[in-house]
Amino acid sequence: MTIKPDASSTGNASTPLSRDALPVEPAGAGGRNDRWPDTNARHFDAQSHFDVRSHLGTQYGDRSETVALVIPAKNEAANISWVLDQVPTRVNEIILVDGNSTDATLVTAQYCRPDIRIVTQTGSGKGDALRSGFEATAADIIVMIDADCSMSPQEIPHFLHFLANGYDFVKGSRFIAGGGSRDITRLRRLGNRTLVSLVNALYDVQLTDLCYGFCAFHRRYLPFLDLTSSGFEVETQLILSALTRGLRVAEVPSMEMPRRHGRSNLRTFPDGTRVLRAILRGHRRGISGHAVQALRALVHGTARVKSQPGPSVRSA
Ligand SMILES: Nc1nc2c(ncn2[C@@H]2O[C@H](COP(=O)(O)OP(=O)(O)OP(=O)(O)O)[C@@H](O)[C@H]2O)c(=O)[nH]1
Ligand SMILES: [Mg+2]
């Protein structure tokens, strides 16, 4: 399932989106152009771009923008109340995407938050669930978080802060200062590190984390992210689409805790392979991009080599 642009979106999803084609807030209206005059600068002067007044005014996000929290959940009855109890008041809408749970996930969620919206996914897998949740909301900002207590909703204001201060897509990272993981195994850490290194080399970026599903972005970019993944590789596809579409991506520190109850749905090797394939599928720039796509064309007989605008990444 590919998400198509809605009437309120700008740009044309059938053509590659350049940085200039993205929606731009008017200068002088407190929009991001006021704070980011040099769109290509990798380094910036914090003093000149974040004056004290604008910083204080937006430190918990731009309050005029509505926020939807999308939570994929499959048999998380024992975990979901902990997550819902911590959702900050800044979140306007909570959408739980149910993966045909056979336990009391739905009734527990509805008991904790009578205002919660339940969406039943049409297909299967976390990626399919997230895409269903994204399609179900009209909020300005979408935040995605897991339902297994591994991520704290109390961190959401940090993500909103960066969205309100010039970034288009904000992803949590367990591997920058202030972040961490009490959950990840040695094998998964090694796999994640290998995949991050591959992304950094192929896409010419400096990410510190990849397989982590705590992200937030402006919904207006959703049609251009061309999400098709059904499984756990959806996070990789989301991040790589944001980068290749030229969005400004920020990483913020996040602490991952072990899931409180139940068993993981992730299978390290099959799902790691799906992530690897998503990385190779999205790499289309330069000589290595042509080589990768030519190789894919040989294997699948389908790939097309197409240039994409360059990425822009900064870490918080
Ligand atoms: N709706 C829906 N949710 C799912 C599906 N598969 C996983 N999830 C949810 O996606 C979130 C992440 O899944 P986990 O099983 O915790 O996998 P993970 O966090 O990548 O791996 P761990 O680090 O081992 O926990 C949880 O909230 C799950 O309930 C699915 O098929 N449908
Ligand atoms: Mg988990």
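**Exercise 1.** At what angle do helix 9 and helix 10 pack, and how far apart are their axes?

*Solution.* The model is predicted: local features need pLDDT of at least 70, side-chain atom pairs count only at pLDDT 80 or more, and totals for chains, interfaces and linings use all residues. Residues are numbered from 1 along each chain as its sequence is written, while chains are lettered from A and ligands numbered from 1 in the order in which they are written.

Step 1. Helices (H or I, at least four residues) and strands (E, at least two) are DSSP runs, numbered from the N terminus. Axes are lines fitted to C-alpha atoms, for helices over the stretch in contact, and angles run from 0 to 180 degrees between N-to-C directions.

Step 2. Helix 9 (residues 234-244) packs on helix 10 (residues 268-282) at about 20°, and their axes are 9 Å apart. Helix 9 is therefore roughly parallel to helix 10 (angles under 35 degrees).

Step 3. From helix 9, T236, Q237, L240 and T244 meet V275, A278, I279 and G282 of helix 10 (contact: C-beta atoms, placed from the backbone, within 7 Å). These contact residues divide into four nonpolar, four polar and no charged. Here Ala, Val, Leu, Ile, Met, Phe, Trp, Tyr, Cys and Pro count as nonpolar, Asp, Glu, Lys and Arg as charged, and the others, Gly among them, as polar.

**Exercise 2.** Describe the packing of helix 8 and helix 10.

*Solution.* Step 1. Helix 8 (residues 186-203) and helix 10 have axes 11 Å apart, at an angle of about 5°. Helix 8 is thus roughly parallel to helix 10.

Step 2. Helix 8 contributes L187, R188, G191, L195, L198, V199 and L202, and helix 10 contributes T268, G272, V275, L276 and I279. The division is eight nonpolar, three polar and one charged.

**Exercise 3.** Which residues come nearest to ligand 1?

*Solution.* Step 1. Of the 22 residues around ligand 1, the nearest are G99, A129, A147, S264 and N265 (near: C-beta atom, placed from the backbone, within 6 Å).

Step 2. Strand 1 (67-73), strand 2 (93-98) and helix 6 (126-136) each give two or more residues to this shell. The shell holds seven nonpolar, seven polar and eight charged residues.

**Exercise 4.** Where does pLDDT stay under 50?

*Solution.* Step 1. The average pLDDT (the predictor's confidence in each residue, from 0 to 100) is 82, and 76% of the residues score at least 70.

Step 2. Residues 1-58 stay under 50, with 58 contacts beyond four places in sequence. Residues 310-316 also stay under 50, with 24 such contacts.

Methods
Parallel < 35°, antiparallel > 145°, perpendicular 65-115°, else oblique. Contact = placed C-beta atoms within 7 Å.
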